[in-house]
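Open the model in a viewer and keep the sequence panel beside it. The stops below are given in the order in which to select them.

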Amino acid sequence: MNRFKSITFLAVMILATDVTSKPSGRSVYQLDSSWVEDNGRTLRLGALEGDMQLLALIYTTCTGACPVTVKSLQMFSRNMPGDIKGQVRFLLVTVDPETDTLPILREYRRDMKLDRRWKLLRGSAKDVRELAAVLGFNYEQIESGQFAHSNLVTVLDRQGEIVHQQNDLGSDTNAVVEAIRKQQGQR
Amino acid sequence: MKHLALFAAAALGCVAPVHAGYPEASTSLATARTPPGMEEVRGEERAVVTSAPNVPPPLKRRHATKVLLDVEVKEHTKTLADGVTYTYWTFGDDAPGQFIRVREGDLVQTKFSNHPDNSVAHNIDFHSATGPGGGGEASFVAPGHSATFTWRAMRAGLYLYHCVAAPAGMHLANGMYGLILVEPKEGMPKVDKEFFIVQGEFYTNGAYGERGDQHFDMSKAVREQPEYVVFNGRVGALMGENALRMKAGESVRLYLGNAGPALMSSFHIVGEIFDDVYGEGGTKVNQHNVQTTVVPVGGSAMVDFEMDVPVIYQFVDHSMFRAFNKGAMGAIEVDGPTRPEIFSGRQAEEIFNPGTRLQRVAAVTTFAPPTPAAPPAQAAASSAGSAANEHGKEVYNRICTTCHQPDGRGMAGVFPPLAQSDFLHDSERAIRVLLEGLQGPITVNGQTFNGVMPNFSLSDAEIASVLSYVRTNFGNTGPAVTPTEVQRVRTLLAKTESEAKDRTASDRR
Amino acid sequence: MRRLNLVPALLLGATGLVAEAGPANQIVRACTSACRTQEIFVPAGVYKPFFKSGTGTRQVPVEPLCLSATAVTHEEFLGFVRDHPDWRKSRIKELFAEASYLADWQDDLTPQPDTLSQPVTFVSWFAAGAYCEARGARLPTVAEWERIAGGSAPPNKPGTTSGAGGSGTAPFAFAMGRSAPELANTALQFPGVWEWTANFNSALVSGRIGTNEGADASQFCGDGIRAVDPSNYGAFLRYSFRSSLRANFALKNLGFRCVREVS
């Protein structure tokens, strides 16, 4: 009887994952691009599925807005209400893959003290442009290693759909929390 | 086993579709909180908006509410002046856009839509909104899309709203502006009639009055030299049958706006005084008994007054050449019994000869006193050719109606009548008037007038057409005037002038 | 033997009949031959960005290109969706094109019959990019497009649009494209639609709002951006329009053309 139940349970879980792994028509993961994490591992966008993601595009030598964005994401990660704490991961994608090599990204992780919930991604210029375009994120290289870009934090649900965006995370995180809580209800 | 499988299937079915991007427009947490010092918002209602020049009625409610406002941008070719078209960019297919009326403390949920057939992105900046770009950021959308955002009317007053998408001056100069009144909690003091008037400029590639489809000219805009300065979006929007109408004794409030984009307005009603002025569109009456009030670019003013003497009042931007040569004129028609105790009209007329002589300083064209002219023996030239007559009519409507009125009756004591006018019998004199302007005393139909008529720099063809038109309308009869005749008089005048100049020069030697 | 004789003749023909002196021209000619028919060779050049940054105006070098002479037509796009069914109206996903994708086509493979030679619109950035990629090409960057088609000050009497896809008379049709002076005598055409660029999402948020002033430094990395020539309102219109776009937008007045890099 037990073995029977556990096989069925397994079957159900496999079925469950199978359905949710096909991205919906709005999912950003349909881009299906290939990235490299700072630890050297390859990552296809679709693999991010399953967790909610808080996503921002930055570059490590940015002195203006990016440090503020990252810091406010960190504050958020520390002060998140308990009920959503385990559901959310953090994703930083560099818009300057030329300068932000993997060693640089690793150094950045150490300097900014980013834990395992954070992923740092590096990809081709074309893939970055594509991802940014989908998010409505504008950026332009004005000089070598210097970019002008908008300020944007995006919440992706488990399927990779954009459910919330905010220009300035700052102290007003209520909308983000609300958006995440809404997703929880969908489980 | 079956039970488990069914249960699993049911559970899977719970993965409901999720809205991407922005959740459906509901008052989010942020705007639902009430800022300190503001009223609680109760209920919701659709915004009431009206087209120029009318204003929605005063609000009856005594509480703040959530107002649902839809604004749609349409790019549309419309008439700017007689024979002149322009591609307007509009809010709600109107320039100025509709007048919106809300109350202090209201939460205004605005759905801003850009029609899919439009060519460019647009947005909206409410001067009554506190926040990024007055809504410009939140509302910026491409054609075929709409955006919703909510702002709170923190302060009462009369405010401009306008498009602020880059380049903002061009969007303004194409007609994207309107007015929104945020009533104070206790409402505005009651008046009998309310209207709104927005002044705006148009920078056309062609000159004022040049027929055909006109386009925006950036170089004129940067030099702040518009071809048109108009009230409510086009020449004559508030003239003739579109004049505002009142009864003598009624109190009126005018809600004034100035969209610019360049020129401040000096708003004046000829023959009337403003009793109360809400300077710059604020909620306090800060001056009484004002003749001319300033309406800043991107700003407003409110004026309250009572019309006492029945007549057609012209109102203008008192920068005169804008009024007479660029279209900044409108009218208020007041009906009622005459008030001789306030204004007598002409009471006496006599010869004035003080016995002194004025020193002659320069050649001045004087007119011989009008001789009783023989009635024209020639047949009425009504068959002057219908094309010339149409042209004459167009010139008349463009240039002459502001003073001489659409029906040619002029204005008693100010502008002589052209209707059944004995002044027009002398062709050469009529042509000279149009070539040079006219000042000094003249008698028309037994009445004396002593004003100034400017020179309008018309071509020979335009002068011939308009004179022919006047001669064959307004109860006049007379032969048509040809461009050749005009040219002859023009040459004659030029010769006389140069001879006079030579004489003066030689006098001095 | 016959084949050997043909080769030099072909080469001669390819390098053009007008044998002008100078190695530069010969390179130009050789490069021109690398472009296909209905493409125009654009030599290397420089683009002065509309928005300047920091202290001075910078210059962006633009590599030589083969540029499509005109925007992609309905007919050409039809060929593409025939071969690439994933890009058909009924199949495409919302991420890649919004609901108005090919709105004026009757169905997957039926554009309006009288529009075949007119620029295709209601296509998204993804669809445009995919089309170009399928032809070994890509969308032009903003720098490339502006260098080719940005023009300078608008003419005194801006003309009306010649092609369909414009909203009747667009008095600023010139803003949709005017040939750079050095391309004035080529077959380059601008049929009166806005055009997608590879990096349309580089125009900054501040470009949307009214002025040529950049937003404050806290919003943007870098010193804030200002327009080099604020009277060039054609450029303003283009930048403003670009900044309103999202990658999946399919709009009535927005088409595209492709470029190919020259080796």
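This is a predicted model: local features need pLDDT of at least 70, side-chain atom pairs count only at pLDDT 80 or more; totals for chains, interfaces and linings use all residues.

Which exposed residues does the face of H2(A) turned away from its buried side carry? They are Lys71(A), Arg78(A) and Asn79(A).

Residues are numbered from 1 along each chain as its sequence is written, and chains are lettered from A and ligands numbered from 1 in the order in which they are written.

**Stop 1: chain A, residues 65-79**

Select helix H2 of chain A, residues 65-79. Helices (H or I, at least four residues) and strands (E, at least two) are DSSP runs, numbered from the N terminus. The end C-alpha atoms of H2(A) are 21 Å apart, which agrees with the 21 Å that its 15 residues should span at 1.5 Å a residue; the expected span is 1.5 Å times one less than the number of residues.

Now colour the buried residues of H2(A): Ala65(A), Cys66(A), Thr69(A), Val70(A) and Leu73(A). They lie on the same side of H2(A) because they cover an arc of only 130° around the axis, the arc being that of the directions from the helix axis to the C-beta atoms. An α-helix has 3.6 residues a turn, so residues three or four places apart point the same way.

Next show what the buried residues of H2(A) pack against: strand S3 (52-58), strand S4 (88-94), helix H4 (102-112) and strand S8 (153-156) of chain A. Zoom out to the whole of chain A, which has 6 helices and 9 strands. Of its 187 residues, 42% count as buried.

**Stop 2: chain B, domains**

Colour chain B by domain: domain 1 (39-184), domain 2 (194-335) and domain 3 (386-497). These bounds come from an automatic or database domain assignment. The C-alpha centres of domain 2 and domain 3 of chain B lie 27 Å apart. Between these two domains, 5 residues of domain 2 of chain B are in contact with 5 residues of domain 3 of chain B; contact requires C-beta atoms, placed from the backbone, within 7 Å.

**Stop 3: chain B, strand S13**

Select S13 (228-231) of chain B and the loop between helix H5 (218-222) and this strand, where Arg223(B) is found. Arg223(B) counts as exposed because it has 11 C-beta neighbours inside 10 Å.

Phe202(B) stands opposite Tyr228(B).

**Stop 4: chain B, residues 460-471**

Select helix H9 of chain B, with 12 residues and a reach of 16 Å from its first C-alpha to its last, close to the 16 Å expected. H9(B) is mostly covered, with 10 of its 12 residues buried. Among them are Ile463(B), Leu467(B) and Arg471(B).

**Stop 5: chain C**

Finish on chain C, with 6 helices and 9 strands. Of its 263 residues, 48% count as buried.

Note on methods. A residue is buried if 20 or more other C-beta atoms lie within 10 Å of its own, exposed if 12 or fewer, and partly exposed in between; C-beta atoms are placed from the backbone. Two strands pair if DSSP finds at least two bridges between them.
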